[in-house]
Amino acid sequence: MADEWGIALCLAGAQAEPEQLTALAGRAEAGGLDVVVLRDDEGGLDPWTTAAWLAGRTDRIQIGVPGALDGLTPAMAGKARESLGILAGTRVVTTEMAWEAVPAAAPEDVDRLIQEVGVRDRPRRPAAVRALRRDGIDYDGIPASLADVAIEPGDPGYRGHRSTYMRGGSPGLVLRPRTPAEVADALAFARRHRHLPLGLRSGGHGVSGRSTNDGGLIIDLGAMNEIRVLDEQRRIVRVGPGATWKQVAAVLDRYGWALGSGDYGGVGVGGLATAGGIGLLSREHGLTIDHLRAVEVVLADGTPVRASERENPDLLWAIRGAGANFGVATAFEFEVSEVGEVGWAQLVLVSPDIEQTLKQYGAVARTAPRDTTVFLGSGPAQPGQSVVQLYGIVDNPDPEVVVERLTPFASTGLLVQQRVVLTSYAQVMAEAADVGPDGHHSRGEPVSRSAFLPRLTDEFARDAARLLHSGEVYFFQLRHMGGAITDTPPSATAFAHRTPEFQLTVMGSDRDALNRAWDRLAHHFDGLYLSFETDPRPERLLDAFPPDVLTRLRTLKRRYDPGNLFRDNFNIDPEVQA
Amino acid sequence: MTDYGHDLLFGTFVTPGEKALDLTLTADRAGLDLVTFQDHPYQPAFLDTWTLLSYAAARTERVRLSGNVLNLPLRPPAVLARAAASLDILSGGRLELGLGAGAFGDSIAAMGGRHLTPAQGVDALAEGIGIIRDLWNVDARGRVDHQGTYYTVSGAKRGPRPAHDISIWVGAYKPRMLALTGALGDGWLPTMDYLPHGPASLPDANARIDEAAAGAGRSPAAVRRLMNFMQVGFSPTGRGLLDGPPAQWTDQLADLALTHGISAFIIGGDDHAVAERFAAEVAPAVRDLVKRERG
């Protein structure tokens, strides 16, 4: 006995009575049938065109068109199917399905079938949706606590959840827990699917963190976005992993507080707060993780634990720089800073000689006071002309001080555009666009390399200029470090790179070409910031963590995730003997 | 003065993105004659134009639809002929067929299509139009066999028969494409913004089409002249072609109709309000003015 019933319409001869075809499909839908199957016949109506037409004239009923689109290239056929899914929802299927379809040529045929089939419970996901399920996932075994909000490839919300800010993806299932207990349920499900990639997503901005994949699982923490002041006296704030830094900044602003994050408010809390957080307030207030006082984590085996200086201090140490290997953080407790009005500067310079500009920027940044953090961005260099963006914060409300601090930066090239305002950190974060329910729509895979630069030497400026002229890099960014970042000893957190002057990120489009160009610069570098690195070569792990840190992390990995469930982002394999 | 005497059509040129359906419904409601979609399947953010045309036709009652123009290298003519006839039947004769030779060869190849040189593209289009017309011609005897340089059709059954005489409108700019349009097309569908000298390019292009039509034993009036306009807007003071008050649009379009024989005006911009004003304030006025002048 089939689960789903419908009518079969023959496309030969239908051209004589096109209205009848549309009317029969409408009648089947009104009568509660599940599907209209179109039977192709030479010289009759084109199956795909007819399916798209009927989808436009109906609202819900599924349409089966076996063999449609066969005359097109696979890419064109895929595009057509995807497009109709967007326009009409997932209800048109071009393969044979186990439908019970009874031939119908007249309204009476449809009515008779409706009578026979009677009123039934319809499955939540019709066959057309189930047809898009991926192999190796026990969809029927999704924990009951998560089933109502889980998103499968054919679901209406899938397009808004499949891809991330920088990466296109096609996961087989997105689980969306709302509580630590539901996170534990999601992890139990993930443990039964060790054969599939597992991505953890907070804001979906991960570069190294693969928060989408092809055919695997995603645990999306977007719903866990609480922001709550716990102790106004001590400025302790509890934040969920799914909040964005823009949202955090807006809440803290009401108290005259701020917590430095990166340089973009759209980034989610979870990924950044478990990696580092080199941002626009770092030189005055330290990294984001330097403010982390406690974190609640669900471990790979589903156990909820709290880590602070008093409880599980080892785990707190590991989460602060290598968190992706140890668990799913479900809440962070930060001690935030009092931050008033700041100077927010965005300068555009044209440089006739990018090597010279880099040298000057290095010298100015090196001697800047702690209240000043200015990042440098650039792109492909043209002969005799590079465009450089300098943007940053002067944590001082006095306009004269702001101007004084920025003036040496502004003279590292020919200033062509400037915007300097006194504002709040929350307003700086608020410049990030909101991401609505439609989510991110990136495609492809980012190619990004990262390094710490102990010192911006003349030799580095020369080699970096060469890299920018090579055309292999479309994005080049120096994050200004030093200051308060160095106040925390390297051994205090798994993020150990406390002393570099800069963090450098480049992005290109050709992975091999970029790697070749980048590897030639390796002697300038000491380690890498794992958030911005996409090179999958295993030796990158040794760049992310110095040997003593890695040894300690591996010991902890054996304790907290011996089965290596968390492995999508700079995996520390517990099996490897140091 | 060149005027081929066709009735006037007013329409929109719509980006086949997620707002395309709403823009189509607006045009249908506003009383425009035509909604057309560009066709660049290799653009990740775009919908498949044929699927969109079929779905949009189902969601409208009155407006005529066309690709502007469909990418023939990615749409095999035998498949397209059957699909077009089917949609014409289902929609009650509301489909026209804008066709192009397909630019952006690398992108076409990325979608599995053939990478043709521009010259090959012209020849393939000529071959394709022949196949499409042959398959529509259900009154002819026998099946369709075609062993061409670019396409092979083996014993295909003809049909279905379109509900009306579907026009084939060709996107053409260069001399060989203009000649093909004159010889084989029912219409010429370029974009004003891409003509090398704007309206000043029209006399030469029209002459080439007329000449090719005559060479094929056809009347120049057999080829309707349509035109897309990408940069348009209503503004209180006149600033340029289709950038000014409605009265200025009216004068400019009437002049294009009477002087250069343009009889279909298709505006881009994906703007609901502009489309509604175009339908309400410009189209009737142009019709009146041209009718008066034609006498």
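**Figure 1. Leu69(A) in the loop between β3 and α3 of chain A.** In this predicted model, Leu69(A) sits in the loop that runs between β3 (62–64) and α3 (74–88) of chain A. Its phi is near 75°, a positive value in a residue other than glycine. Most residues other than glycine have a negative phi.

**Figure 2. Cis peptide bonds in chain B.** The peptide bond from Asn68(B) to Val69(B) is cis, and its omega is near -5°. Val69(B) belongs to the loop between β3 (64–67) and β4 (70–71) of chain B. A cis peptide bond also leads from Gly159(B) to Pro160(B), with omega near 5°. Pro160(B) is located in the loop between β7 (152–156) and β8 (168–170) of chain B. Most peptide bonds are trans.

**Figure 3. Packing of α13 and α16 in chain A.** Helix α13 (residues 354–367) and helix α16 (residues 458–470), both of chain A, have axes that come within 8 Å and cross at roughly 135°. This angle makes α13(A) oblique to α16(A), because the oblique class takes the angles left over by the parallel, antiparallel and perpendicular ranges, and antiparallel begins over 145 degrees. The crossing of α13(A) past α16(A) is right-handed. From α13(A), the contact draws on Ile354(A), Glu355(A), Leu358(A), Lys359(A) and Gly362(A). From α16(A), the contributors are Asp458(A), Ala461(A), Arg462(A), Ala464(A), Ala465(A) and Leu468(A). Sorted by class, the contact of α13(A) with α16(A) holds six nonpolar residues, one polar residue and four charged residues.

**Figure 4. Packing of α2(A) against α3(B) across the two chains.** Helix α2 (residues 47–57) of chain A packs with α3(B) at an angle of about 30°, and the two axes are 8 Å apart. That angle makes α2(A) roughly parallel to α3(B), since angles under 35 degrees fall in that class. As α2(A) passes α3(B), the crossing is right-handed. On the chain A side, Thr49(A), Thr50(A) and Trp53(A) of α2(A) take part. They meet Ala83(B), Ser86(B), Leu87(B) and Leu90(B) of α3(B). The contact of α2(A) with α3(B) consists of four nonpolar and three polar residues, with no charged residue.

**Figure 5. The side of chain B that touches chain A.** Contacts link 30 residues of chain B with 28 residues of chain A. Within chain B, the elements that give two or more residues to this side are α2 (49–59) and α3 (77–90). α2(B) gives the most, with eight residues. The classes on the side of chain B that touches chain A are 18 nonpolar, six polar and six charged residues. The predictor assigns the complex an ipTM of 0.97 and a pTM of 0.88. For chain B the mean pLDDT is 96, and 100% of its residues reach 70 or more.

**Figure 6. Spans annotated in UniProt.** In chain A, an unreviewed UniProt entry lists "domain: FAD-binding PCMH-type" for residues 166–339. That span of chain A is 23% helix and 25% strand, and its end C-alpha atoms lie 31 Å apart. In chain B, an unreviewed UniProt entry places "domain: Luciferase-like" at residues 19–227. Residues 19–227 of chain B are 41% helix and 16% strand, with 23 Å between the end C-alpha atoms.

Note on methods:
Residues are numbered from 1 along each chain as its sequence is written. Chains are lettered from A and ligands numbered from 1 in the order in which they are written. This is a predicted model: local features need pLDDT of at least 70, side-chain atom pairs count only at pLDDT 80 or more; totals for chains, interfaces and linings use all residues. Axes are lines fitted to C-alpha atoms, for helices over the stretch in contact, and angles run from 0 to 180 degrees between N-to-C directions. Helices (H or I, at least four residues) and strands (E, at least two) are DSSP runs, numbered from the N terminus. Angles under 35 degrees count as roughly parallel, over 145 as roughly antiparallel, 65 to 115 as roughly perpendicular and the rest as oblique. A crossing is left-handed if the near helix is turned anticlockwise from the far one by less than a right angle, and right-handed if clockwise. Two residues are in contact if their C-beta atoms, placed from the backbone, lie within 7 Å. Ala, Val, Leu, Ile, Met, Phe, Trp, Tyr, Cys and Pro count as nonpolar, Asp, Glu, Lys and Arg as charged, and the others, Gly among them, as polar. pLDDT is the predictor's confidence in each residue, from 0 to 100. UniProt positions are given in the numbering used here, feature names are shortened, and annotations may be inferred rather than shown by experiment.
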